[in-house]
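Here are my notes on this model. Please read them with the structure open beside you.

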Amino acid sequence: MTTPALLPLSGRRLPPLNLGASAFPHHRATLRLSEKFILLLILSAFITLCFGAFFFLPDSSKHKRFDLGLEDVLIPHVDTSKGGKNLGGFLIHGQGHDEHRHREEEERLRNKIRADHEKALEEAKEKLKKSRDEIQAEIQTEKNKVVQELKKKDSKPLPPVPLPNLIGINSGEPTDPDIREKRNKIKEMMKHAWDNYRQYGWGHNELKPIARKGHSTNIFGNSQMGATIVDALDTLYIMGLHDEFREGQEWIDKNLDFSVNSEVSVFEVNIRFIGGLLAAYYLSGQEVFKIKAVQLAGKLLPAFNTPTGIPWAMVNLKSGVGRNWGWASAGSSILAEFGTLHMEFVHLSYLTGDPVYYNKVMHIRKLLQKMDRPNGLYPNYLNPRTGRWGQHHTSVGGLGDSFYEYLLKAWLMSDKMDTEARKMYDDAIEAIEKHLVRKSNGGLTFIGEWKNGHLERKMGHLTCFAGGMFALGADGSRDDKAGHYLQLGAEIAHTCHESYDRTTLKLGPEAFKFDGGVEAVAVRQNEKYYILRPEVIETYWYMWRFTHDPKYRQWGWEATQAIDKYCRVSGGFSGVKDVYSSSPTYDDVQQSFFLAETLKYLYLLFSNDDLLPLDNWVFNTEAHPLPVLHLANTTLSGNPAYR
């Protein structure tokens, strides 16, 4: 649930010239004539080139050896009794006979060239008789053949792996008619978001719902990878929107291609694509999702080719070349990015039997365990070349957040066997509570940010996930502090609700201060936007699951109504630029995480607990549910905690 704070529109953490037909009244006829003319020019040039080559063939009268791949022109020999001459140990056979044979070969070659020219000319004439559409259809057919061959080459069969015991996939129908009606409203919002993406942005990464066209950001590179499709699949499935799910599956099977020359965010592609594909596989059992997840994971592995094994932030899917964000503390990697791979990579090793993925993330953990941590806190930046921390900035919001989340969830996903991860989580949370958690003058508990020895009394929307994390990690806490951490989670949920309630639109700002008389309110204009983020609703859901306090459903419904009133447009849902304005302007982006997370958490909030029960499922930071693994009998035995 994180992206660098400097990239607020790039995910959870982080006009063309129009020359219409009127300008060219006869453009189709002109185009067809010009195409034929160009084809004839190309053909003429080709024939001229070939005849030129023909006339410049070597002359046998000047060259005694014209090698066309003919055998035995030079033969090692020492015997001079058969009419040959011994030259340096090689026998040159009777040269008169060879010259005659060469002339015959040259004549045969000339005849072949003439025949090839005539054949090519006839084929070109036939092509020119065809319409433009017929020619394009033939070209597309050939391209499809090549693509299918490449798919066959890449699709290595994966070993059969028994699926974990999957519980609560198709459950959750509430008996209370009011709750059922609210849940159905959220399902309708999902259908509105999906249908408009399907109509206006299909295959693009995201949707511009007002402009009604596709949208993408730098985290996905320059390619159309259908991020919204992959991100939304599991939400569609648990909502029972199976026709829409099959549409997405068909697009993924036919169009999702990772052999593109595109530089992508390793972190974002992992949590959205690999996480989304794995969740879709576990929910539906369709092999295509597992195969695509493994193909993509192989494209991410080159990012780990650094002196320390800490991966680059970005990698080119085709070349494997990696690099870091230019703004990130002298070329550092980011804690929330390289620390948010564990869940997906463990499942990849589980499904493939290949420990390479597991070993990559365990290497990161071992390196972090050896490093000194100022005040017990993990700085947000680590240099992958030197293995040293960058600037000492610690945050439970953007740049740091999901690292702590994945320590806890590694433990939960291992069926609570990975005690090493649990210890790292407990140590980190104790330091966070000591140095970052504070209470405002008005009694609001918040989590600040540590910057070079100073606590900044500001909290981001991204940080609001932590209320749910504290509640999720309460059971199993040290010193019997489960009640304490559940209460801390409730206090964070209350603070984040206040950040929503103190706005005009009842939607939360990107960041809010606790300075002087200002509490839970955004001060800067560039922190007043809401981009359909899920973190506050995520915490409401976890708190509901652990307490069943009805206020969490009430708060969730308030957010649902505000989103539907102020973010809904005819072409989908859009973020807004100022939650304190009664007439806000739209940012015209329907984020993929809105379908993956925000709507999923709302739907779960108004479902019974038997839908994706937390004893059996662990949600990745993009809200993609992955099953708890009993790892004793798998290949993942490198860590003693897993044995």
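Which residue in β17 is the bridge partner of Lys-458? Keep that in mind; point 3 gives the reply.

1. **Ground rules.** This is a predicted model, in which local features need pLDDT of at least 70, side-chain atom pairs count only at pLDDT 80 or more, and totals for chains, interfaces and linings use all residues. Residues are numbered from 1 along each chain as its sequence is written, and side-chain values use heavy atoms, with hydrogens and water left out.

2. **Confidence.** The protein chain averages a pLDDT (the predictor's confidence in each residue, from 0 to 100) of 85. A score of at least 70 is reached by 79% of the residues. Over residues 14-33 the pLDDT is below 50, and this stretch has 15 contacts beyond near neighbours in sequence. A contact means heavy atoms within 4.5 Å. Residues 633-643 also stay under 50. For them the model has 29 contacts beyond four places in sequence.

3. **Strand β17.** Lys-513 is the bridge partner of Lys-458. Strands are DSSP runs of E, at least two residues long; helices are runs of H or I, at least four; both are numbered from the N terminus. Strand β16 (residues 458-460) runs antiparallel to β17, joined by three bridges. Two strands pair if DSSP finds at least two bridges between them. β17 (residues 511-515) is largely enclosed by the rest of the structure, because four of its five residues are buried. Buried means under 20% relative accessible area, exposed over 50%, and partly exposed in between (1.4 Å probe, protein chains only).

4. **The hairpin.** β17 also pairs with strand β18 (residues 518-521), antiparallel, over three bridges. Phe-514 stands opposite Glu-519 in β18. Two residues lie between the strands of this hairpin, where Gly-516 takes a positive phi near 60°.

5. Most residues other than glycine have a negative phi. Asn-375 has a positive one, near 60°. Asn-375 sits in the loop between α11 (356-370) and β10 (381-382), and is partly exposed at 44%. Asp-588 also has a positive phi near 60°. The loop between β20 (572-573) and α18 (592-605) holds Asp-588, which is buried at 12%.

6. **A helix pair.** Helix α4 (residues 177-200) packs against helix α5 (residues 227-238) at about 150°, with axes 12 Å apart. Axes are lines fitted to C-alpha atoms over the stretch in contact, and angles run from 0 to 180 degrees between N-to-C directions. The two helices are therefore roughly antiparallel, the term for angles over 145 degrees. From α4, Met-190, Trp-194 and Tyr-197 meet residues of α5 including Ile-229 and Leu-236.

Methods
Parallel < 35°, antiparallel > 145°, perpendicular 65-115°, else oblique.
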